[in-house]
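Q: Could you take me on a close look at how the strands are put together in this one, and then at the side chains packed around them? I'm happy with numbers and cut-offs.

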Amino acid sequence: MTTFLSRISNQVQLAYVPHTSVQGDVWQLQRKSTATSSGASNGTTLIDDQLGATDNVWNGKYWIHILSGDAKGEWRRIVDYTGSSTTAKLEGNGFTAQIASGVEYELWLSPEPVVVATATSAGGNQCVDTNRNEPDDFWVGYMLVAANGGTANSAARSGFKITSFVNATGVFTVDASDLPIGWGSTSSAGDVYLLRKAIDATDISAGVAEEYIPRGTNRVNFSKGDGVVGPRSGTFSFSLPIRPSGSLASSGNKPQQSNVGGLLEACGLEETITQSQTATTGGTTTSIVFTGTTDVPKIGQMVIHNGNATFVTAISSSGGNTTLTVSPALPVAPASGDVINLSRMYSTTTDGDLYGVTLEYEVDSVRHTITGCMGNVTLNDGAAPTMSFEFQVDHWIRNIQASGCSYVRGYSTVAPILAQDRLAYLDGTAADIGGLTATPGTEVVAKGVQGSQGVNGRVGFQISNIVPGATFNTLLDAQGSSIPEDGKFLKRTANDFAVVFGSHGSTFAVRLPVARLIESPTPTDLDGVVGAPNVVEAQDAGRKLNETNNVSKVPDFAFHIS
């Protein structure tokens, strides 16, 4: 009898960070060079007098790809560069072998956004990077994970949650309650921190591969091999429950980002953020009035009053006030002083700016850094609705070493939304539906760049088309076998379809215009009764780029998260 031991991989963690530059979704080759002296015997450094004399110039954003020697094919991030000795210190345990003099390598610039301290911080719970130019509080909710410097010990690498980011000064502030676990000191110029947001995903499937390109003919007598190694690419997919941000934004404040915000922007959607307002007199159940004409919600955006969600269908301004026309009607008209809470809207892009994400996927101490991820997301209804992401991968790096960071404290503690809290509306009228799925239907293709790795960069991926769509089952009414909603799909123009999950600060919604798709439905089982689903596809309802006053058309497709 044969006996064997099997090991089941169950130590898995997944985190991401959104790319912040449309042009930065691809890797850029900086130079090819050769080590001029031998680095440390344990593979933690590389020395090359051609790298220049400026301290910290290669920190954080740059990677070494070894082309020859015992560590051939390996990639490692530079976390500390000393110009006087032209020595590049590498992240973690470095390469698996010494980088000896004469070893060939490439220097690459990664699209992954990182924090490289540009000055010594003023406080022990801060670091400063004046080169990060995202809007104020863009990074709130993400974690800083130390890759080197005085805070790069095992405790500190479990990450610190960011509570504030100030664009003008580049100051990141982390949660003071995290400090006892080992921040330990102020950050110094050159210290490298990774930006990460932990997501508790399931159904993870990594289809990353390294391409092999065979030679055109059998050239055994003329070469050492019959092909060459091509680019690394592939697919990556996972599912996760939908979690709101955890609390409604008070008047004058903007809603927090949920744990899926940055992922949605890699699926052909752009984010709209507007601060909550205070209602004034004169409102009704279908109109909301507030003082001021700045930071106005956009057409189609979800607003919440006393836990009830509705959507903006028109905007007008007069006498210093702004009036929002909303549908469906609220059960109670907003009174003076009531807070009108806003959500974050993720809708089809109007400017064509599409951003990828970097994923850090670790299973049993093997870490993959996966960049240039773009793709599609599908909303799947269920007891707890989920989002399923399917990404095309531009490039990936495998490191046979744990990240040294446990993201357990970074996971969201907000309870997922439940399907039992679902309400559906068709043109503002309640509709009884089940089995909802919805997707922006993005298509991802390789960028049309010459060469297998592009011109001074990799090929990368881009989103080429968006065709929103949805399916759902509709129940028969009490009158008999008629389907009241069915007739509405026969209109020549698209209808407004909205499905809202949850309430009172835990709200998620999907909204899209729909028209009937002429095809035979597939019967499904509805608690023992055969039901025919309505299959719908979104049609372009029209949209103005500025979405300003007197524009009554709605976005093609949008997710909303409070």
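A: Strands are DSSP runs of E with at least two residues, helices are runs of H or I with at least four, and both are numbered from the N terminus. Bear in mind that this is a predicted model, where local features need pLDDT of at least 70 and side-chain atom pairs count only at pLDDT 80 or more, while totals for chains, interfaces and linings use all residues. Residues are numbered from 1 along each chain as its sequence is written, and side-chain values use heavy atoms, with hydrogens and water left out.

Now the sheet. Six strands make up an open, antiparallel sheet, and they run in the order β17-β22-β19-β20-β21-β18. The edges are taken by β17 (277–278) and β18 (287–291), which have a single partner strand each, so one side of each has no neighbour in the sheet. The loop between β21 (321–327) and β22 (339–342) holds P328, and the peptide bond from S327 to P328 is cis, with omega near 5°. N306 sits in the loop between β19 (302–305) and β20 (308–318); its phi is near 50°, a positive value in a residue other than glycine.

Another open antiparallel sheet of six strands has the order β2-β7-β4-β5-β6-β3. Here β2 (28–34) and β3 (45–47) are at the edges, each with a single partner strand, so one side of each goes without a neighbour in the sheet. On average, neighbouring strands of this sheet are turned by 35° against each other, direction ignored; axes here are lines fitted to C-alpha atoms, for helices over the stretch in contact, and angles run from 0 to 180 degrees between N-to-C directions. Inside that sheet, β4 (residues 62–66) and β7 (residues 104–109) run antiparallel and are joined by five bridges, and I66 has Y105 in β7 as its bridge partner.

Next up is β13 (residues 192–199): eight of its eight residues are buried, so the strand is largely enclosed by the rest of the structure. Buried means under 20% relative accessible area, exposed means over 50%, and partly exposed lies in between (1.4 Å probe, protein chains only). One face of β13 carries V192, L194, R196 and A198, the other Y193, L195, K197 and I199, and both faces are covered. Antiparallel pairing with β13 comes from β1 (residues 12–18) over three bridges, from β8 (residues 114–116) over three bridges and from β10 (residues 143–146) over four. Bridge partners include A15 with A198, V115 with Y193 and L144 with L195. K197 also puts its charged end over the ring of Y142, 4.4 Å from the ring centre; the rule asks for NZ of Lys or CZ of Arg within 6 Å of the ring centre and within 35 degrees of the ring normal.

On to the packing. A nonpolar core is a set of buried Ala, Val, Leu, Ile, Met, Phe, Trp, Tyr and Cys residues joined through side-chain atoms within 4.5 Å. The largest one has 61 residues, and F238, L264, L359, M387, F389, F391 and F559 touch the most other members. Skipping neighbours within four places in sequence, L359 has contacts including L14, Y16, F236, F238 and F391, where contact means heavy atoms within 4.5 Å. Apart from that core lies another of 18 residues, among them A35, I66, L90 and F95.

Finally, the rings. Phe, Tyr and Trp (its six-membered ring) pair if the centres lie within 6.5 Å; planes under 30 degrees apart are stacked, over 60 edge-to-face and the rest tilted. That gives 16 aromatic pairs. Ring pairs join F236, F238, Y361, F389 and F391 into a cluster.

Conventions. Two strands pair if DSSP finds at least two bridges between them.
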